[in-house]
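Please read these notes with the model open beside you. Each point takes up one topic.

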Amino acid sequence: MRAWMRADGDVERLRTAAAAFEPVRQVLDEAEGEVEKFADRPRIEARLRYTIGKVYQNLGLYEEATPQLETALELRRGASGMDDVVAAAMLADLGAIAAG
């Protein structure tokens with residue numbers, strides 16, 4: 001099989017996968033708007049944003065993941081400081097996205 005034929009097949013598989021993830025993305029987009037209800041409970045808001053960011057990251061939606069993870073890290077730092085294991089995991093996830 002020629003390389004361009006394989007590439008076309010890969011593109012089609014990517015389109016199929018993206019369509020399959022669309023309902024998940026819609027739920028995440030809606031959840032983002034609901035998280036602010038926990039503004040008075042920063043550790044909970046941080047955990048929710050971290051979870052949303054991780055799912056975006058796992059779907060390869062890095063532009064959507066980054067602000068969620070950054071906000072989660074800021075909130076967690078404010079609540080627990082940087083000595084917190086969860087904050088360290090959040091920082092590692094941001095580093096993985098930045099490294100590509």
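1. Helix 4 has 15 residues, and from its first C-alpha to its last it reaches 21 Å. That is close to the 21 Å expected at 1.5 Å a residue, where the expected span is 1.5 Å times one less than the number of residues. Helices here are DSSP runs of H or I with at least four residues, strands are runs of E with at least two, and both are numbered from the N terminus.

2. The model is predicted: local features need pLDDT of at least 70, side-chain atom pairs count only at pLDDT 80 or more, and totals for chains, interfaces and linings use all residues. Residues are numbered from 1 along each chain as its sequence is written, and side-chain values use heavy atoms, with hydrogens and water left out.

3. Which residues of helix 4 are buried? They are Ala87, Met90, Asp93, Leu94 and Ile97. Buried means under 20% relative accessible area, exposed means over 50%, and partly exposed lies in between (1.4 Å probe, protein chains only). An α-helix has 3.6 residues a turn, so residues three or four places apart point the same way. The face turned away from the buried side carries the exposed residues Val85 and Ala99. Just after helix 4, Gly100 takes a positive phi of about 85°.

4. The protein as a whole has four helices and zero strands, in the order α-α-α-α from the N terminus. Of its 100 residues, 23% are buried. Its accessible surface comes to about 6,700 Å², and 57% of this belongs to carbon and sulfur atoms; the areas come from the Shrake-Rupley method with a 1.4 Å probe, and for residues only the protein chains shown count as cover.

5. The largest nonpolar core has 15 residues. Such a core is a set of buried Ala, Val, Leu, Ile, Met, Phe, Trp, Tyr and Cys residues joined through side-chain atoms within 4.5 Å. Tyr50, Ile52, Tyr56, Ala65, Leu69, Leu73 and Met90 touch the most other members. Two or more residues come from each of helix 1 (3-35), helix 2 (42-58), helix 3 (62-80) and helix 4 (85-99).

6. Met90, in helix 4, is buried, with a relative accessible area of 0%. Leaving out residues up to four places away in sequence, Met90 touches Ala46, Tyr50, Ala72, Leu73 and Arg76; contact means heavy atoms within 4.5 Å. The C-alpha atoms of Met90 and Tyr50 are 7.2 Å apart, although 40 residues separate them along the chain.

7. Where is Arg76 found? Arg76 belongs to helix 3 and counts as buried at 9% relative accessibility. Its C-alpha atom is separated by 5.9 Å from that of Ala46, 30 residues apart along the chain.

8. Gln68 is also placed in helix 3, and it counts as buried because its relative accessibility is 4%. Not counting residues up to four places away in sequence, Gln68 touches Glu32, Arg49, Ile52, Gly53 and Tyr56.

9. Asp93 is a buried residue at 11% relative accessible area. With residues up to four places away in sequence left out, Asp93 touches Tyr50, Lys54, Gln57 and Leu69. Under that rule the contacts of Leu69 include Tyr50, Gly53 and Asp93.
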